[in-house]
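Hi,

Here is the structure I said I would pass on. Have a look at it, and then read my notes below.

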Amino acid sequence: MGADTAIDYTGGEAAIAEAVRHATQGLGVDVVLDAAGPPRATEAFDLLAFGGALVCVAGLPDFSKWKPFHKACSVHEISLGAAYGPGGSPAARAELGRLGASVIGRLAAGRISSLVTEVVPFEEIPQALGRLQRREVTGKIVARGPGF
């Protein structure tokens, strides 16, 4: 898909860190996009290069583990659900709709791949979510609802 280096995450935190050090000659990566949750986001601090960015989709890291004045990194939260919460606004929801339409258009045009590896019936969603949580799946699982 165009990546310069791919790292197998199934070896655990130490193996990931070693692979990053090797691939970057010890410098670290410019960006970590974490969609696994706070524990992984916290581990990602050590993978970043000076001035790197940590982008969190599934929860922020434990900032008590952050070493101040160490790497001058930034942390960014992607909180899609916030558009619908108390702090959300019609403009935020409209922007999410625009972004969603853009992604769907790119998928339909074949400009990006969804990496769907499995399609399950609606009734199997709990088992599929369990496999995702245990990191047994590479790619995405799509649930097919009744009538689809």
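First, a definition for what follows: a residue is called buried under 20% relative accessible area, exposed over 50%, and partly exposed in between (1.4 Å probe, protein chains only). Bear in mind that this is a predicted model, where local features need pLDDT of at least 70, side-chain atom pairs count only at pLDDT 80 or more, and totals for chains, interfaces and linings use all residues. Residues are numbered from 1 along each chain as its sequence is written, and side-chain values use heavy atoms, with hydrogens and water left out.

Let's start with the charged pairs. Side chains of opposite charge can pair when their charged atoms come close. A salt bridge here is a side-chain nitrogen of Lys or Arg within 4 Å of a carboxyl oxygen of Asp or Glu, and the count comes to six. One of them joins Glu18 and Arg21, with 3.3 Å between the closest N and O atoms. Both belong to helix H1, and because they are three residues apart, about one helical turn separates them. Glu18 is partly exposed at 43% relative accessible area, and Arg21 is also partly exposed, at 43%. (Helices are DSSP runs of H or I with at least four residues, strands are runs of E with at least two, and both are numbered from the N terminus.)

Helix H3 (residues 90–108) holds another pair, Glu95 and Arg98, again three residues apart, or about one turn. Their side chains meet at 2.7 Å, N to O. Glu95 is partly exposed at 35%, and so is Arg98 at 47%.

Arg131 and Glu118 make a salt bridge too, their closest N and O atoms being 2.5 Å apart. This pair links distant parts of the chain, with Arg131 in helix H4 and Glu118 in strand S4 (residues 116–121), 13 residues apart. Glu118 counts as partly exposed, at 27% relative accessibility.

How much space lies in the largest pocket? About 2,100 Å³. A pocket is found on a 1 Å grid over the protein atoms alone: it is an open set of points where a 1.4 Å probe fits, with protein on both sides within 12 Å along at least five of seven lines, and lining residues have an atom within 4 Å of a point. There are 47 lining residues, and Tyr9, Leu33, Asp34, Ala35 and Arg135 lie nearest the centre. Elements giving two or more residues to that lining are H1 (13–23), S1, H2 (38–44), H4 (125–133) and S5 (140–144).

Asp34 deserves a look of its own. It sits in strand S1 (residues 29–34) and is buried, with a relative accessible area of 6%. Beyond residues up to four places away in sequence, Asp34 touches Arg40, Ala41, Leu54, Val55, Cys56, Val57 and Ala58; contact means heavy atoms within 4.5 Å.

Of those, Val57 is in the loop between strand S2 (48–56) and strand S3 (74–77). Val57 is partly exposed, at 40% relative accessibility.

Last, Thr138: buried or exposed? Thr138 is exposed, at 63% relative accessibility, and lies in the loop between H4 and S5. Leaving aside neighbours within four places in sequence, Thr138 is in contact with Tyr9 and Thr117.

Best wishes

Methods
Grid points are joined across faces, edges and corners, and a volume is the space filled by probe spheres set on the points.
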